[in-house]
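Here's a quick briefing to read alongside the model. Have the structure open and follow along.

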2 protein chains.
Amino acid sequence: MKRYEKFADDIAELIRTGVLAAGQRVPSVRYASQTHGISPSTVFQAYYLLERRGLIRARPRSGYFVNDSVRLQGLGDPAPEQDARPAPQVSESTEVDVSDLVFSVLESIKDPNIVSFGSAFPSAGLFPLQRLARSLASATRDMDPSMVVSDLSPGNPALRRQIALRYMVSGQMLPMDELLITNGALEALNLCLQAVTEPGDLVAIEAPAFYACLQVLERLKLKAVEIPVHPQQGIDLAVLEQALERYPIKACWSMTSFQNPTGATVPELRKRELVELLRRHEVPLIEDDVYAELYYGQHAPKPAKAFDTEGLVLHCGSFAKSLAPGYRVGWVAAGRYAQKVERLKIMTSLCASMPAQAAIADYLQHGGYDRHLRKLRHSLEDQQRAMLGAIARHFPAQTRVSQPTGGYFLWVELPEQIDSLKVFQAALAQGISIAPGPMFSPTRRFKHFIRLNYGSPWGETSERAMETLGKIIRSMMG
Amino acid sequence: MKRYEKFADDIAELIRTGVLAAGQRVPSVRYASQTHGISPSTVFQAYYLLERRGLIRARPRSGYFVNDSVRLQGLGDPAPEQDARPAPQVSESTEVDVSDLVFSVLESIKDPNIVSFGSAFPSAGLFPLQRLARSLASATRDMDPSMVVSDLSPGNPALRRQIALRYMVSGQMLPMDELLITNGALEALNLCLQAVTEPGDLVAIEAPAFYACLQVLERLKLKAVEIPVHPQQGIDLAVLEQALERYPIKACWSMTSFQNPTGATVPELRKRELVELLRRHEVPLIEDDVYAELYYGQHAPKPAKAFDTEGLVLHCGSFAKSLAPGYRVGWVAAGRYAQKVERLKIMTSLCASMPAQAAIADYLQHGGYDRHLRKLRHSLEDQQRAMLGAIARHFPAQTRVSQPTGGYFLWVELPEQIDSLKVFQAALAQGISIAPGPMFSPTRRFKHFIRLNYGSPWGETSERAMETLGKIIRSMMG
């Protein structure tokens with residue numbers, strides 16, 4: 001065991017036994033270095049490790065503090081062998097290449113006989129597909145052929161008005177001009193990132209990150225600087241700040257609400273800080289907000305976009321997760337980059353599919369979207385409860401799991417010795433897919449984590465699949 | 001006048017007066033150099049100029065021959081000041097940047113009050129939009145939610161079967177696995193080009209080229225090597241061969257049938273030669289074949305893909321020009337690159353819009369596609385006749401124009417002193433859009449050319465707009 005690991009364990013013990021209480025400041029680097037006779041960099045590495053374990057967290061210009069609820073919901077660190085290498089405050093910039101792994105996982109979920117806990121989608125059965133089909137029929141039945149031209153990018157005017165209206169209701173005035181309809185949010189994110197970078201540039205991303213983000217970086221030949229995500233606080237602003245000071249970062253990509261895979265939501269105050277921090281460095285924020293509508297509380301969490309006064313936030317949304325999977329209708333409000341992103345869109349795929357745009361515009365006006373959303377949120381919350389219960393019943397006691405306040409993913413930390421890739425293989429052999437942790441990191445970290453999707457109605461099949469999963473995991477604990 | 005221009009004029013005079021007859025070989029470079037006391041490179045430049053004027057053409061390993069029907073349909077050369085610079089056999093590799101011009105032209109066609117001769121689209125009124133809407137309704141009404149997953153890339157299975165069937169009927173056996181559905185052909189072309197190149201690579205393109213091709217190169221930071229297009233023969237194989245020998249070209253992009261903007265179709269024998277030439281150099285061909293169904297003759301011209309035995313041809317098609325504009329459903333059969341292209345598709349935009357895919361699959365089975373196509377081809381041919389007549393009536397006598405055997409574009413060579421950008425501005429002021437020649441070249445050549453779209457039903461408005469255009473052009477002849 002390295003010296004910094006030993007020191008980290010000592011601090012962890014102080015936290016576990018309550019000597020260091022939640023919210024309390026841990027010893028400063030200088031103080032700890034002097035009193036323990038170790039170098040400041042060893043202390044730093046130890047704190048970084050504890051931070052990634054979710055035990056402590058940095059506050060800008062104030063030092064490290066014990067996390068609030070680490071014992072209930074804390075998330076651990078990457079696999080031990082990853083820690084053996086020197087742990088920089090900011091993880092190394094890395095060329096991104098996780099595709100092979102991701103594609104093999106994606107392939108597995110296409111089989112309808114597989115229990116798809118590994119899926120990125122909620123079950124299509126939760127969506128009003130029949131009602132949407134009626135909107136599709138009525139919006140295209142008496143269609144004016146000139147719609148073919150009027151629906152060209154930036155997109156169907158009625159749909160863009162409806163989206164602007166939803167921003168307005170949530171308190172944001174957005175000029176219609178800023179809104180561009182895309183082939184799902186994924187295309188929007190691709191276009192945004194391309195608009196603000198050149199091949200070879202550095203991009204600050206989350207660790208863990210949604211694998212599609214890693215794929216976009218790979219496709220655009222960009223390099224990742226990984227910023228840790230905390231289960232309660234989302235992206236770590238202190239580490240991000242250091243990264244911005246140390247590296248010529250050209251963009252930051254963050255899922256600020258119900259992050260995929262951790263489920264973390266950046267609190268509103270910190271979203272404001274995030275926007276302000278990036279503004280000081282003149283770095284654009286690409287805000288992936290596709291789960292925005294899937295909150296379980298009384299109100300939608302505000303996006304970082306709400307605090308943007310400089311047009312530096314490119315806010316990407318979608319109907320794929322909340323209304324119309326498969327329609328591939330997303331959008332971006334790209335701030336000062338709106339024209340550039342629109343041109344890239346035209347050069348890439350001209351415009352989004354017209355019938356899908358027209359159908360969603362019609363549905364938003366007449367279909368009862370808010371009623372559907374209320375029902376959907378209740379279903380997801382119920383399903384989360386069911387899956388958390390199944391984890392408690394079937395998984396080893398050392399398992400730790402987040403409890404997100406929206407979305408449909410659980411990020412599950414298994415005992416350290418478990419290799420989630422082996423769990424993936426063994427589960428697949430028994431007809432169950434899961435998303436193994438290394439999918440979510442360009443450096444293949446999070447080896448003993450898995451992401452589970454609870455976006456399908458719960459039933460006997462789900463319960464039995466969880467039981468099987470639990471058995472597989474236990475059998476690997478030796 | 002430069003020496004090579006003088007010599008070119010001498011040869012042109014011999015052709016005009018019939019001393020050199022159609023099909024006859026022009027003097028070899030060596031012979032002409034010796035007998036006229038000029039350097040071989042001067043002869044070469046002169047022949048290159050004549051070739052671009054459509055008067056002669058190269059045959060691989062045989063020298064230059066007088067073109068068959070130069071007086072009727074010959075197309076000229078770029079503007080004189082372009083010729084003042086040394087004319088290399090292969091035009092310089094150039095960074096591509098034509099976007100501003102293209103976007104301003106595109107913007108102009110969105111206004112429904114503009115007569116849109118500048119449009120890239122045929123009139124939506126020519127398409128069975130009502131019938132498609134019925135297919136849309138019936139295909140989605142009783143939709144199985146699992147379709148959301150089954151329609152993921154590579155795409156709707158029924159649609160892919162229908163497309164494979166159409167290939168089969170035209171004599172090509174294509175494995176279903178090779179077919180990927182995309183958001184229109186434009187996305188397919190983007191993905192193909194990205195699959196076979198890295199930023200900074202050279203790509204052989206046509207001169208003139210469809211401007212979207214130039215935009216894709218710009219977006220992917222590729223460089224263009226321009227290969228001339230002949231009105232009867234399409235892309236010049238002799239020049240392409242020299243380019244392949246001289247430059248490290250990584251891909252060739254060609255519209256082999258009814259090329260946009262010239263309307264040229266590469267004859268079948270030469271398509272075979274093209275495939276063979278590229279095979280020898282191991283260079284993939286990205287075949288943009290979006291007008292394939294719009295032929296006026298008895299049979300569809302075979303694509304280059306039909307002669308590909310090595311999987312080196314990436315064949316891109318679309319329903320946008322023949323059936324369903326605005327639906328954004330295209331495809332690619334990417335040969336040995338199929339898996340790579342599919343992965344890029346998933347990373348870029350996941351999959352194509354599900355309702356549009358399902359609707360077209362239904363229409364192809366039940367809608368009467370072939371009947372619709374026959375009607376569409378007749379309309380386009382009639383409209384071509386009407387526009388050619390209007391050119392004869394209203395444009396200056398020196399005007400030269402191609403007579404394509406399919407598609408819906410005329411490539412019009414105006415008198416040399418005309419600046420098509422000025423024509424564009426003046427016409428727009430009178431409510432008429434055209435596509436000026438420089439849109440089609442990364443080096444802004446084709447200054448006195450315009451592309452006219454005859455994809456709208458002909459009527460009094462069209463006739464009057466052509467009359468106005470003629471007046472504008474005459475007024476610029478000073």
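Buried means under 20% relative accessible area, exposed over 50%, and partly exposed in between (1.4 Å probe, protein chains only). This is a predicted model, so local features need pLDDT of at least 70 and side-chain atom pairs count only at pLDDT 80 or more, while totals for chains, interfaces and linings use all residues. Residues are numbered from 1 along each chain as its sequence is written, chains are lettered from A in the order in which they are written, and side-chain values use heavy atoms, with hydrogens and water left out.

**Salt bridges in chain B**

- A salt bridge here is a side-chain nitrogen of Lys or Arg within 4 Å of a carboxyl oxygen of Asp or Glu, and the count over all chains is 36.
- B:Glu282 bridges to B:Arg336, with closest N and O atoms 3.6 Å apart; B:Arg336 is partly exposed at 43% relative accessible area.
- B:Arg393 pairs up with B:Glu463 at 3.1 Å between the closest N and O atoms, and B:Glu463 is buried at 17%.
- For B:Arg400 and B:Glu413, the closest N and O atoms of the salt bridge are 3.3 Å apart.
- B:Arg400 is partly exposed at 26%, whereas B:Glu413 is buried at 5%.

- A:Asp151 is buried yet has no salt bridge: the nearest side chain of opposite charge (Lys and Arg count as positive, Asp and Glu as negative; His and chain ends are not counted) is A:Arg160, 8.7 Å away.
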